[in-house]
Amino acid sequence: MDYYVNFSLDLPFIYASLVALAISFIIVIFALRPFRVVRREADKDSGIPLESFDEENDAFQPESDSEAEMVADAESDPEAVIAAETKDDKKPLSSVNNNSSLPGISIVVHSEGDNETLNTFLEYCLEQNYDNFEIIVVNDASAAATAMLAEQFEGNERIYFTFIPPGSQVLSRHKLALTIGIKAAKKDIIVTTTGYARPLGRNWLLSLATPFSDKKCGAVLATASADFSQFKVLARPFRRLGFSMRTANWVYAALCGKPYRGSGYNLAFRKSLFFSNKGYSRGVLLEGGDDDLFIESIAHDNNIAVNPSPAARVRLDWGESTRRLLHNMIRRNRESEKQLETKRTNLTLMLLILNIMLIFSLVAMVLFMPDIIGIASAAVILLAVGSIQWITLRRLTRSLS
């Protein structure tokens, strides 16, 4: 193909390309600002060290060698505690271990009969660096199966097992299970989650409980990431990006003072607030609504705190059920979204303008073929907008997954 230069057509297009490029950069600055805000909050140092779980050694390990040395020194030398309190402006190690002033927590777990994943979750919970907590497991199985499960943890006063009564005819067994568990809870703070969840660190409960030291705080929204290894290699980035986009939507709205959703797999709230707002009654006829309609109902006077940091995060390990459970989660969220009253910012729509610019660039490259200047001008827009968008979304996905 012979390339040529058409000055009569190229000059107007070059001017139009420069204007379009300038507009695209302005769109990038404003449209992607919410993603930068969410990523900054997710990466912010909360002062609470993250200790990851080492499955090979079956124990939690500090995230870095320096933190491991701090813990070891504190155990062998009391003076090391004082040094650790001022090192790197971290939250005092002594205050991390002393949480007696924080409220009691009842972890309400909806188990769908997968005892292996539930046992793993309970082991993670029992390793938590928190003193005042209990675990209430609502088993979505028969009384006999629940009794067999309870025998494995017999003698552990932290764990209480119950089950959904047989013959219960409700649209959402998940909301029923949570309600049963919340009514049985003895602590002031409720944390709802699932047996598929895995806390990322031993300070998970501490991260969720700390905002409740403020009496005004009624709920804490924390995030959940998912394991997409069950998907094909080419599908994983898109699934991970979609999951992160949905999370970024409600995190950014909550940071802007307009909370409308949280992750029902990692949500903390006051028990009194739950009953004063009649629980999940607003979405009783919906299969979903326990993490969005409920949050919208209890949100008032900036009483919702957001904690997207890794220390407060859980990871969903759905295993072979990943496709089914992810699909069900998306479907439930879409159904309950129709009932929401909050006017929220949809970050996906913000990216639509940028994608239009990308499409415009591709079309222009084809139309100006083989005009070298026209192709080069369109390519500049394509590379500039596409690179910034790709880098930002990649960083967002890494921060929330």
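Start by selecting T192: with a relative accessible area of 1%, T192 is buried (buried means under 20% relative accessible area, exposed over 50%, partly exposed in between, with a 1.4 Å probe and protein chains only). Before going on, note that this is a predicted model, where local features need pLDDT of at least 70, side-chain atom pairs count only at pLDDT 80 or more, and totals for chains, interfaces and linings use all residues. Residues are numbered from 1 along each chain as its sequence is written, and side-chain values use heavy atoms, with hydrogens and water left out.

**Stop 1: around T192**

T192 belongs to strand β6, residues 189-194 (helices, H or I with at least four residues, and strands, E with at least two, are DSSP runs numbered from the N terminus).

Now show the whole of β6. How many of its six residues are buried? Six of the six are. In a regular strand the side chains alternate between the two faces of the sheet. In β6, I189, V191 and T193 sit on one side and I190, T192 and T194 on the other, and all are buried.

Bring in the partner strands next (two strands pair if DSSP finds at least two bridges between them). Strand β3, residues 105-111, runs parallel to β6 and is joined to β6 by six bridges. Strand β10, residues 267-270, pairs with β6 in the antiparallel sense over four bridges.

**Stop 2: a three-stranded sheet**

Select β7, β12 and β9. They make an open sheet with the order β7-β12-β9 and mixed pairing. β7 (197-199) and β9 are at the edges with a single partner strand each, so one side of each has no neighbour in the sheet. From one strand to the next, the twist averages 30° (axes are lines fitted to C-alpha atoms, for helices over the stretch in contact, and angles run from 0 to 180 degrees between N-to-C directions). Zoom in on β9 and β12 (residues 314-316), which pair in the parallel sense over three bridges. There, A226 stands opposite L316 in β12.

**Stop 3: the rings**

Colour the aromatics: the structure holds eleven aromatic pairs. Rings of Phe, Tyr and Trp (its six-membered ring) pair if their centres lie within 6.5 Å; planes under 30 degrees apart count as stacked, over 60 as edge-to-face and the rest as tilted.

Go to F153 and F161, whose ring centres are 6.2 Å apart with the planes at 35°, so this pair is tilted. F153 counts as buried at 14% relative accessibility, and F161 counts as buried at 13%.

Then pick F228 and F243, an edge-to-face pair with 5.8 Å centre to centre and 70° between the planes. F228 lies in the loop between β9 (224-226) and α10 (236-255) and F243 in helix α10, so the pair ties together parts that are 15 residues apart in sequence. F228 is buried with a relative accessible area of 2%, and F243 counts as buried at 7%.

For a ring with a charge, select F133 and R158: R158 lies over the face of F133, at 4.1 Å from the ring centre. The criterion is NZ of Lys or CZ of Arg within 6 Å of the ring centre and within 35 degrees of the ring normal.

Next, select F269, F274, F275, Y280 and F294, which form one aromatic cluster.

**Stop 4: two loops**

S281 is in the loop between α11 (271-276) and α12 (293-298). Buried or partly exposed? At 39% relative accessibility, S281 counts as partly exposed. A polar atom of the S281 side chain lies 3.0 Å from the backbone oxygen of K278. S281 and F294 are 13 residues apart in sequence and 8.6 Å apart in space, C-alpha to C-alpha.

Finish in the loop between α12 and β11 (304-307), where D301 is found. Most residues other than glycine have a negative phi, and most peptide bonds are trans. D301, not a glycine, has a positive phi of about 55°, and N302 has a positive phi of about 55° too. D301 is exposed, with a relative accessible area of 60%, and N302 counts as exposed at 63%.

Key:
A polar contact is a pair of N or O atoms within 3.5 Å; within protein, one must be able to donate a hydrogen and the other to accept it, and residues adjacent in sequence count only if both atoms are side-chain atoms.
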